[in-house]
Amino acid sequence: MSKKRAGLTFSSHLSQLFREPHAEKKTQPKKDTPPKTQHNARTVDQALNAVTKQMETLGARPRTIVDYERYVTQYAETMGVKYLADINAASLIGWLASMDVANSTKLIRIKCVKAFLGKCFNNGWLKRNFWN
């Protein structure tokens with residue numbers, strides 16, 4: 001793993017920056033609008049795409065980016081995790097237990113997934129840092 005760089009770390013919320021300046025505000029919500037559920041949450045694939053783009057922008061090595069994509073995708077597919085909110089310590093431990101590889105290999109893979117989760121936490125997509 002490489003050193004953490006503060007290149008794309010923001011301390012303020014930037015969602016207001018990209019809104020339409022003349023968009024009308026609605027006073028009443030739509031009746032068809034479903035309540036905010038986990039299905040409106042960020043998926044693992046969306047988060048992985050965003051994190052890898054950030055890493056490319058910061059100049060991370062291509063091999064590092066490929067490892068993130070490989071191990072995070074492998075974890076999500078093996079454990080059936082679709083949303084970031086579904087990730088928990090039990091599923092991480094289950095994923096490690098399902099591997100038939102050396103302990104040193106498991107350590108490399110879990111470090112990669114934990115680094116991905118750290119980036120998701122820093123981006124505000126995860127509410128708590130349970131993996132440390």
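Phe121, Phe130 and Trp131 form one aromatic cluster. Rings of Phe, Tyr and Trp (its six-membered ring) pair if their centres lie within 6.5 Å; planes under 30 degrees apart are stacked, over 60 edge-to-face, and the rest tilted. This is a predicted model, where local features need pLDDT of at least 70 and side-chain atom pairs count only at pLDDT 80 or more, while totals for chains, interfaces and linings use all residues. Residues are numbered from 1 along each chain as its sequence is written, and side-chain values use heavy atoms, with hydrogens and water left out.

**Overall layout**

- The protein has four helices and zero strands. Helices (H or I, at least four residues) and strands (E, at least two) are DSSP runs, numbered from the N terminus.
- From the N terminus on, the order of elements is α-α-α-α.
- Of the 132 residues, 27% count as buried. Buried means under 20% relative accessible area, exposed over 50%, and partly exposed in between (1.4 Å probe, protein chains only).
- Contact means heavy atoms within 4.5 Å. Of the contacts with a separation of 6 or more, 61% join residues 24 or more positions apart.

**The nonpolar core**

- A nonpolar core is a set of buried Ala, Val, Leu, Ile, Met, Phe, Trp, Tyr and Cys residues joined through side-chain atoms within 4.5 Å.
- The largest one here has 26 residues, and Leu84, Ile87, Phe116 and Leu117 have the most contacts inside it. At least two residues of this core come from each of α1 (44-58), α2 (62-79), α3 (89-98) and α4 (103-122).
- Leaving aside neighbours within four places in sequence, Leu84 is in contact with Arg42, Thr43, Val44, Ala47, Phe116, Cys120, Trp125 and Leu126.
- In soluble globular proteins, nonpolar side chains tend to be buried together.

**Helix packing**

- Axes are lines fitted to C-alpha atoms, for helices over the stretch in contact, and angles run from 0 to 180 degrees between N-to-C directions.
- α2 and α4 pack at about 95 degrees, with axes 9 Å apart. They are therefore roughly perpendicular to each other. (Under 35 degrees counts as roughly parallel, over 145 as roughly antiparallel, 65 to 115 as roughly perpendicular, and the rest as oblique.)
- The axes of α1 and α4 come within 10 Å and cross at roughly 90 degrees. On the α1 side, Val44, Ala47, Leu48, Val51 and Met55 make the contact; on the α4 side, Phe116, Lys119 and Cys120 do.

**Val51 in helix α1**

- Val51 is found in helix α1. Val51 is buried, with a relative accessible area of 0%.
- Not counting residues up to four places away in sequence, Val51 touches Tyr68, Phe116, Lys119, Cys120, Asn123 and Trp125.

**Aromatic pairs and charges over rings**

- By the pairing rule, the count is three aromatic pairs. One of them is Tyr75 with Trp95, edge-to-face at 5.6 Å centre to centre and 75 degrees between the planes.
- Tyr75 lies in helix α2 and Trp95 in helix α3, so the pair ties together parts 20 residues apart in sequence. Tyr75 is buried at 2% relative accessible area, and Trp95 is buried at 1%.
- The ring centres of Phe130 and Trp131 are 5.0 Å apart and the planes stand at 85 degrees, so this pair is edge-to-face.
- A charge sits over a ring if NZ of Lys or CZ of Arg is within 6 Å of the ring centre and within 35 degrees of the ring normal. Arg42 lies over the face of Trp125, 4.1 Å from the ring centre.
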